[in-house]
Amino acid sequence: MKIAIIGAGNLGLSIAKGILNANGKTQMYLTKRNPLEIYSFEKYGNVIITSDNREAVKNADILIFAVQPSQLQAILENTKDLICQKHVIISTITGFSIAKIEAIIGTEHHIIRSMPNTAISVGKSMTCICANKKGETKIDLAKAIFNKMGHTLEIPEDQMQAATVICASGIAFWMRLIRATTQGAIQLGFDAKEAQELAMHTCNGAASLLIESESHPEAEIDKVTTPQGCTIQGLNEMEHQGLSSSLIQGIIASFDKISRIKEKQL
């Protein structure tokens, strides 16, 4: 399997790390306008670094596009004469619809949209996927790729914007919550390193508990909130200060922003 990642920025490199760590035999092309920044990936031995998108497209079977939204159209226009039936096209581009990709390269290609997050580099991404009619025949291939680096969920394309906010932007939201917990732990007397260790492993445990037990968050909360106890006291104070409300408002604000980005692209 030959994979080309067109646009080896933060997300592109995270995907590359995830794929290479999960399947070391994969031959990969990584493209970047300044390839000097990513030559360290040659240590894998089966990675070709280039600034030539056409070279990567010509020699790969799976094309993963991870460039900025403003760059994708020009790249597709420049390479569309090389894109053929063998290719599986996977776009990670925010707000760039399947219909718009089809308008550039045609409807006869296998086109899949995916929205992974940067946790893909450690095999923990939540990746949402959708496809055009032709691409539906390759959706299991896309899932197989991304399931090696976390968890996938197939959704309708009209939910991709919301998935971007919850899964991709969501990484930053959870990082901020971990940071806030770390700061609280420091105020209670732990040093910075200990505080972060306590915060991130507790967060990881909470998520793992829900995943493994298939339980509801409130059911697990009930297990640690005793009458007149310290946990319910803390939870109630957080809610009085707007914890849930601020999170929801932040999610909606991010969704409104991505909606405006899409409108500009239409």
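This is a walk through the structure above, from its overall build down to a couple of single residues. Keep in mind that you are looking at a predicted model.

Let's start with the whole thing. The protein has 10 helices and 8 strands. If you draw a box around its C-alpha atoms along the principal axes, the box comes out at roughly 70 × 40 × 30 Å. Out of 266 residues, 38% are buried. Now think about who touches whom: among contacts between residues at least 6 apart in sequence, 59% join residues at least 24 apart.

Next, head for the inside. In soluble globular proteins, nonpolar side chains tend to be buried together. Here, the largest nonpolar core has 28 residues, and the ones touching the most other members are Ile 6, Leu 63, Phe 65, Leu 76 and Ile 105. The largest share, 4 residues, comes from H4. Apart from this core lies another one, of 26 residues, with Ile 15, Val 47, Ile 120 and Phe 146 among them.

Let's zoom in on Ile 105. Which residues does Ile 105 touch, not counting those up to four places away in sequence? They are Leu 76, Lys 80, Ile 83, Ile 89 and Ile 111. Leu 76 also turns up where two helices meet: Gln 73, Leu 76 and Glu 77 in H3 face Lys 100, Ile 101, Ile 104 and Ile 105 in H4. Sorted by class, that contact has 4 nonpolar, 1 polar and 2 charged residues.

How do H3 and H4 sit relative to each other? Their axes come within 9 Å and cross at roughly 30 degrees. Angles under 35 degrees count as roughly parallel, so H3 is roughly parallel to H4. The crossing is right-handed.

Now try another helix pair, H6 and helix H7 (residues 192-213). The axes of these two come within 8 Å and cross at roughly 135 degrees, which makes H6 oblique to H7. This crossing is right-handed. On the H6 side, the residues in the contact are Trp 174, Ile 178, Thr 181, Thr 182, Ala 185 and Ile 186. On the H7 side, they are Ala 192, Ala 195, Gln 196, Ala 199, Met 200 and Cys 203. By class, the contact of H6 with H7 has 9 nonpolar, 3 polar and no charged residues.

Finally, let's meet two single residues. Glu 220 belongs to helix H8 (residues 217-224). Is Glu 220 buried or exposed? Its relative accessibility is 13%, and buried means under 20%, so Glu 220 counts as buried. Leaving aside neighbours within four places in sequence, Glu 220 is in contact with Leu 209, Leu 210, Ser 213 and Ser 215.

Lys 124, on the other hand, is found in the loop between S6 and S7. At 64% relative accessibility, Lys 124 counts as exposed, because the cut-off for exposed is over 50%. Even so, Lys 124 has contacts beyond its neighbours within four places in sequence: Asn 117, Ala 119, Met 149 and Gly 150. Look for His 151 as well: Lys 124 and His 151 are 27 residues apart along the chain, and their C-alpha atoms are separated by 7.1 Å.

Notes. Residues are numbered from 1 along each chain as its sequence is written. This is a predicted model: local features need pLDDT of at least 70, side-chain atom pairs count only at pLDDT 80 or more; totals for chains, interfaces and linings use all residues. Side-chain values use heavy atoms; hydrogens and water are left out. A nonpolar core is a set of buried Ala, Val, Leu, Ile, Met, Phe, Trp, Tyr and Cys residues joined through side-chain atoms within 4.5 Å. Buried means under 20% relative accessible area, exposed over 50%, partly exposed in between (1.4 Å probe, protein chains only). Contact means heavy atoms within 4.5 Å. Axes are lines fitted to C-alpha atoms, for helices over the stretch in contact, and angles run from 0 to 180 degrees between N-to-C directions. Angles under 35 degrees count as roughly parallel, over 145 as roughly antiparallel, 65 to 115 as roughly perpendicular and the rest as oblique. A crossing is left-handed if the near helix is turned anticlockwise from the far one by less than a right angle, and right-handed if clockwise. Ala, Val, Leu, Ile, Met, Phe, Trp, Tyr, Cys and Pro count as nonpolar, Asp, Glu, Lys and Arg as charged, and the others, Gly among them, as polar.
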